[in-house]
Amino acid sequence: MPKLQDWLFLVLLAFIWGSSFIIMKKALLIFSSEQVAALRIFIAALSIIPLIPYSWKRFNKKDYKIIALIALIGSGIPPFFFTLAQTQISSSLTGLLNTLTPLFTFLLGLLFFGLAFQTRKLIGVLLGMIGGIFLIAFSKPSGDGGNNLFAIFVLLATLFYATNTNTIKKYAQNISPIVLNVIGFLFIGPPAGIFVFSTDFLERMQLPNAWQTLGLVAILGIVGTSIANMLFFKLTQRTSALFASMVTYLIPLVAIFWGFLDGENIDWTYPVGLSFILFGVYLTSRK
């Protein structure tokens with residue numbers, strides 16, 4: 001049974017990750033989608049350097065494969081999908097579609113991780129899918145040149161997150177969250193850094209407001225990725241994969257709040273689509 005501390009972790013993670021979408025949107029004014037994603041990973045990797053000696057001593061070498069996999073599918077690939085999606089859709093819609101993560105967590109758990117089948121939960125998954133499709137089909141794109149088909153990249157990211165959550169719970173239950181995070185970024189951080197400096201990153205740093213934007217990406221990397229990852233790992237180990245994925249219930253509220261302050265359109269499709277998704281999540285998460 002989740003305790004008060006677990007719920008506090010959930011709310012804190014929702015605020016951090018919900019705020020991340022608007023930061024990504026701002027960062028895209030200076031950097032390309034690939035650069036924002038790679039910078040996020042690279043800066044997160046730099047932030048864990050002081051923890052390397054501690055983690056290396058506690059790192060069981062036989063765990064390197066599972067840690068590398070968790071790093072790749074949890075922190076290495078999804079940022080590229082999210083930033084690419086936000087070149088065409090709003091941060092509010094991104095946050096809404098992210099609520100599909102618990103449904104995908106259940107579905108993948110059922111298919112590949114040994115969860116027991118329940119008809120009610122399958123209905124919940126289908127309702128959530130309907131809500132997601134409705135949002136993609138009928139909500140207004142971001143700006144005049146927006147394209148809601150790019151929301152497919154958000155769905156791909158949530159699939160990776162769902163796979164990651166199930167993998168942590170089943171295969172990394174006894175690995176320290178700090179070790180999981182630090183050793184994981186040792187795998188994905190250097191390639192991300194090499195990629196960043198192989199692009200026109202230094203030229204873009206000459207643009208107005210580039211350093212302020214880099215500061216926002218640094219917050220995204222340190223707080224929204226490195227620190228948030230450790231909180232999420234701990235929450236998943238303490239509770240369940242499904243409970244941990246429920247952080248996405250609260251993310252839309254934060255994302256819509258920041259999106260509203262930033263002047264994004266909040267139209268009638270949002271509460272309709274979100275209602276389908278949350279009712280599906282409710283059915284899926286009930287015992």
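Here are some friendly notes on the helices, ring pairs and loop residues of this predicted model.

1. **Ground rules.** The model is predicted, with local features needing pLDDT of at least 70 and side-chain atom pairs counting only at pLDDT 80 or more, while totals for chains, interfaces and linings use all residues. Residues are numbered from 1 along each chain as its sequence is written, and side-chain values use heavy atoms, leaving out hydrogens and water. Helices here are DSSP runs (H or I, at least four residues), numbered from the N terminus.

2. **Helix H7.** Have a look at H7, which covers residues 101–112. Its twelve residues reach 16 Å from the first C-alpha to the last, close to the 16 Å expected at 1.5 Å a residue (the expected span being 1.5 Å times one less than the number of residues). H7 is mostly covered, with nine of its twelve residues buried (buried is under 20% relative accessible area, exposed over 50% and partly exposed in between, with a 1.4 Å probe and protein chains only). The buried residues include Thr101, Pro102, Phe104, Phe106 and Leu110.

3. **Glycine 114.** Just after H7, glycine 114 takes a positive phi of about 80 degrees. This glycine 114 lies in the loop between H7 and helix H8 (119–138). Glycine 114 counts as exposed because its relative accessibility is 68%. Its C-alpha is separated by 44 Å from that of glycine 263, 149 residues apart along the chain.

4. **Asparagine 209.** Another residue to check is asparagine 209, which has a positive phi of about 70 degrees although it is not a glycine. Asparagine 209 is in the loop between helix H11 (201–204) and H12.

5. **Aromatic pairs.** A search of the whole structure finds ten aromatic pairs (rings of Phe, Tyr and Trp, the last by its six-membered ring, with centres within 6.5 Å; planes under 30 degrees apart are stacked, over 60 edge-to-face and the rest tilted). One of them is edge-to-face, because the rings of phenylalanine 42 and phenylalanine 197 have centres 6.3 Å apart and planes at 85 degrees. This pair links distant parts of the chain, with phenylalanine 42 in helix H2 (residues 33–47) and phenylalanine 197 in helix H10 (residues 177–198), 155 residues apart. Phenylalanine 197 is partly exposed, at 47% relative accessibility. Ring pairs also join Phe42 and Phe197 with Phe31 and Phe201 in a cluster.

6. Phenylalanine 150 and phenylalanine 153 make a tilted pair, 5.6 Å centre to centre with 55 degrees between the planes. Phenylalanine 150 is partly exposed at 23% relative accessible area, and phenylalanine 153 is partly exposed at 24%. Elsewhere, the charged end of lysine 61 sits over the ring of tryptophan 56, 5.0 Å from its centre (for this, NZ of Lys or CZ of Arg must be within 6 Å of the ring centre and within 35 degrees of the ring normal).

7. **Packing on H12.** The axes of H9 (residues 151–171) and H12 (residues 210–238) come within 9 Å and cross at roughly 60 degrees (axes are lines fitted to C-alpha atoms over the stretch in contact, with angles from 0 to 180 degrees between N-to-C directions). H9 and H12 are therefore oblique (under 35 degrees is roughly parallel, over 145 roughly antiparallel, 65 to 115 roughly perpendicular and the rest oblique). Helix H1 (residues 4–27) packs with H12 at about 150 degrees, the axes 9 Å apart, so H1 and H12 are roughly antiparallel.

Methods. Helix = DSSP H or I, 4+ residues; strand = E, 2+ residues; numbered from the N terminus.
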